[in-house]
Amino acid sequence: MRTMAFNQVKMLNDLRKAQKDLAKEIIEVEAGDGAVVVQITGELKVKSVKIDPAYVDLDDISELEHWIEIAIRDGMAKAQEVAAERMKPLMGGLGNLGL
């Protein structure tokens, strides 16, 4: 019984460590040939949005808005993939924890 409890504590600690590591993971995507660059953490939080003014046509702001949408969408999707891949090995043992 003690071994089981120890294994559960170890799995939870491994899970917490993986979550902390994901917070440090930065996924960077761009849209509009580099006009917009978005960084998203492995926790699916937008870290930064950079816009290169050389690409921005002030008469066509909808194009810039579209690039921002694309970069955030693609960044979130990629960050979700990274998170799922990192968490996958840990999630198998959590079924025994009653979570």
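Trainee: Let's start with K17: is this residue buried or exposed?

Mentor: Buried means under 20% relative accessible area, exposed over 50%, and partly exposed in between (1.4 Å probe, protein chains only). K17 is exposed, because its relative accessible area is 52%. Bear in mind that this is a predicted model: local features need pLDDT of at least 70, side-chain atom pairs count only at pLDDT 80 or more, and totals for chains, interfaces and linings use all residues. Residues are numbered from 1 along each chain as its sequence is written, and side-chain values use heavy atoms, with hydrogens and water left out.

Trainee: Which residue forms a salt bridge with K17?

Mentor: A salt bridge puts a side-chain nitrogen of Lys or Arg within 4 Å of a carboxyl oxygen of Asp or Glu. K17 pairs with D21, and their closest N and O atoms are 2.9 Å apart. D21 is partly exposed, at 29%. Both sit in helix 1 (residues 2-24), four residues apart, about one turn of the helix. Helices here are DSSP runs (H or I, at least four residues), as are strands (E, at least two), numbered from the N terminus.

Trainee: How many salt bridges does the structure hold?

Mentor: Four. One of them joins E25 to R86, with closest N and O atoms 2.8 Å apart. That pair links distant parts of the chain: E25 is in the loop between helix 1 and strand 1 (26-31), while R86 is in helix 2 (residues 61-91), 61 residues away. E25 counts as partly exposed because its relative accessible area is 23%, and R86 is partly exposed too, at 39%. Another bridge connects R73 with D74, at 3.1 Å. R73 is exposed, at 53%, and D74 is partly exposed, at 32%.
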